[in-house]
Amino acid sequence: MSNVIAMNNWRKNTEEEIRILHREEDDPEMVPVKYMYGDNEEGLCGTHSIIDHRDFASIEALREEIQEQREALETGFDKFGEEIDFDEIVPWDEDDLLVCQEGVFVWDWNTEDYELIGKVRRTERRKIVTFKDNFAVKMGQSNILINPGSFYHIDGEYVAYTEERNPVVMLVINAIDSVPLAVPYDPSVLWIYPHDYALIVDIHE
């Protein structure tokens, strides 16, 4: 028997065979953010969790980078004299909420600028799973294929057992607009990493 036990089936085990290890309760007001570090001299970078003892980048550094892209589009060459390989400006992660020194920003294509939407009130660190290769999850009589690079929240963890009575740590994963899935924890096929969620409030509060 496969050590993948569908969530629909694990309830058939006795209570002695199941024990809850972890459960995260989601706060619907908490949203994923990306923290920006660096400048145009040393290079900008974005991370999913805070880097201790480093200051956030200024939004002006991101705006300077956009201006450099505009100038490169006019000349066909970047600031180093290299021919460019893009035909429109490329903002930092246009769908992400970017945390900078001045607050939280999003990219606005109407103004072609980063728009200030608020500031971080508090953060909460959660765990995210992504898979290294295609991965099939048994769900009842069917298999659900998970593509590499897809990101899932860990909603919970539990221990299930194979027919040979071997314990298997199962991760309950969830993506937006998907049903929860149970997958065995196997570091050879998946990564787990922290991703900070933030409560964002209006800049004037």
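Accessible areas here come from the Shrake-Rupley method with a 1.4 Å probe, and for residues only the protein chains shown count as cover.

**View 1. The whole chain and its surface.** This is a predicted model, where local features need pLDDT of at least 70, side-chain atom pairs count only at pLDDT 80 or more, and totals for chains, interfaces and linings use all residues. Residues are numbered from 1 along each chain as its sequence is written, and side-chain values use heavy atoms, with hydrogens and water left out. The accessible surface of the protein chain is about 12,500 Å², and carbon and sulfur atoms hold 48% of that. The chain has 205 residues, 38% of them buried (under 20% relative accessible area; exposed is over 50% and partly exposed lies in between, with a 1.4 Å probe and protein chains only). Two helices and 13 strands make up its secondary structure; these are DSSP runs, H or I over at least four residues for helices and E over at least two for strands, numbered from the N terminus. Take the contacts (heavy atoms within 4.5 Å) between residues at least 6 apart in sequence: 55% of them join residues at least 24 apart.

View 2. Mean pLDDT, the predictor's confidence in each residue from 0 to 100, is 80 for the protein chain, with 81% of residues at 70 or more. Over residues 1-25 pLDDT stays under 50, though the model has 51 contacts beyond four places in sequence for them.

**View 3. The second largest pocket.** Its volume is about 230 Å³, meaning the space filled by probe spheres set on grid points joined across faces, edges and corners. A pocket is an open set of points on a 1 Å grid over the protein atoms alone, with protein on both sides within 12 Å along at least five of seven lines, and lining residues have an atom within 4 Å of a point. There are 13 lining residues, with Glu 65, Glu 68, Gln 69, Lys 79 and Phe 80 nearest the centre. Helix H2 (59-75) and strand S4 (43-47) each supply at least two, and H2 gives the largest share, four residues.

**View 4. Around Glu 115.** Glu 115 sits in strand S7 (residues 113-131). With a relative accessible area of 39%, this residue is partly exposed. Beyond its neighbours within four places in sequence, Glu 115 touches Val 104, Phe 105, Val 106 and Asp 108.

Terms used
On a 1 Å grid over the protein atoms alone, a cavity is a set of points where a 1.4 Å probe fits but cannot get out, and a pocket is an open set with protein on both sides within 12 Å along at least five of seven lines; lining residues have an atom within 4 Å of a point.
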